[in-house]
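Okay, thanks for coming, everyone.

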Amino acid sequence: MQLALIGVIIILVILLALIGSLCSPYVRFNFSILLHKIGILGIDQKVARKHLTDINEVFNSRGIEYFLTEGSALGAIRDGKLIPSDSDIDIGVFDKEALENCAIPMLVKRGFSVCRRSKQMISVIRNMLYIDIMFVTSD
């Protein structure tokens, strides 16, 4: 009985993931947050590594300095990896203009979608894992 219930849950998660991948970036973003909150989805270290490799390549090619912040920084310092139960990757940048005009278009070419924008940050998502890129000022 328990095995059948687990099978049904796995099938539902797969169906929800497929539906989520076919929707807009905003819907995928909110869907991934929901999956993280109910404990179904955690950070896949391989996916996170690929995301960070792409971020590193794009940002370095444009001379954009960046750094891990919040839970991402904590996990990297404390555990040497991202916290598996975290819901995102947190990055800080100083050059908002270079990010918006140069890096974001390059990230979109690499399969990321912009799923949230505000005065303080831009969020991008790919493979149900999103990255919050926060604008940091020196004052």
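Let's start with Y66, which counts as partly exposed because its relative accessibility is 26%; buried here means under 20% relative accessible area, exposed over 50%, and partly exposed in between, with a 1.4 Å probe and protein chains only. Before I go on, the model is predicted, so local features need pLDDT of at least 70 and side-chain atom pairs count only at pLDDT 80 or more, while totals for chains, interfaces and linings use all residues. Residues are numbered from 1 along each chain as its sequence is written, and side-chain values use heavy atoms, with hydrogens and water left out.

So what does Y66 pair with? Its partner is F59, edge-to-face, at 5.3 Å centre to centre and 85° between the planes. The rule is that rings of Phe, Tyr and Trp (its six-membered ring) pair if their centres lie within 6.5 Å, with planes under 30 degrees apart called stacked, over 60 edge-to-face and the rest tilted. F59 itself is buried, at 0% relative accessibility.

The rings of F67 and F94 make a tilted pair, with centres 5.4 Å apart and planes at 45°. F67 sits in strand 1 and F94 in the loop between strand 2 and helix 5, so this pair ties together parts 27 residues apart in sequence. Helices (H or I, at least four residues) and strands (E, at least two) are DSSP runs, numbered from the N terminus.

Now helix 3, where F59 is one of the buried residues, along with A48, H51, D54, I55 and V58. They cover an arc of only 130° around the axis, so they lie on the same side of helix 3; that arc is taken from the directions from the helix axis to the C-beta atoms. K46 and R49 are exposed, on the face turned away from that buried side. The buried residues pack against strands 1, 2, 4 and 5 and helix 5, contact being heavy atoms within 4.5 Å. After helix 3 comes G63, with a positive phi near 70°.

And helix 5? Where does it bend? At A103, by about 40°, and P105 follows within four residues. The bend is the angle between axes fitted to the seven residues ending there and the seven starting there. A103 is also among the buried residues of helix 5, with A98, L99, I104 and L107. Their cover includes helix 3 and strand 3. G111 follows helix 5, and its phi is positive too, near 100°.
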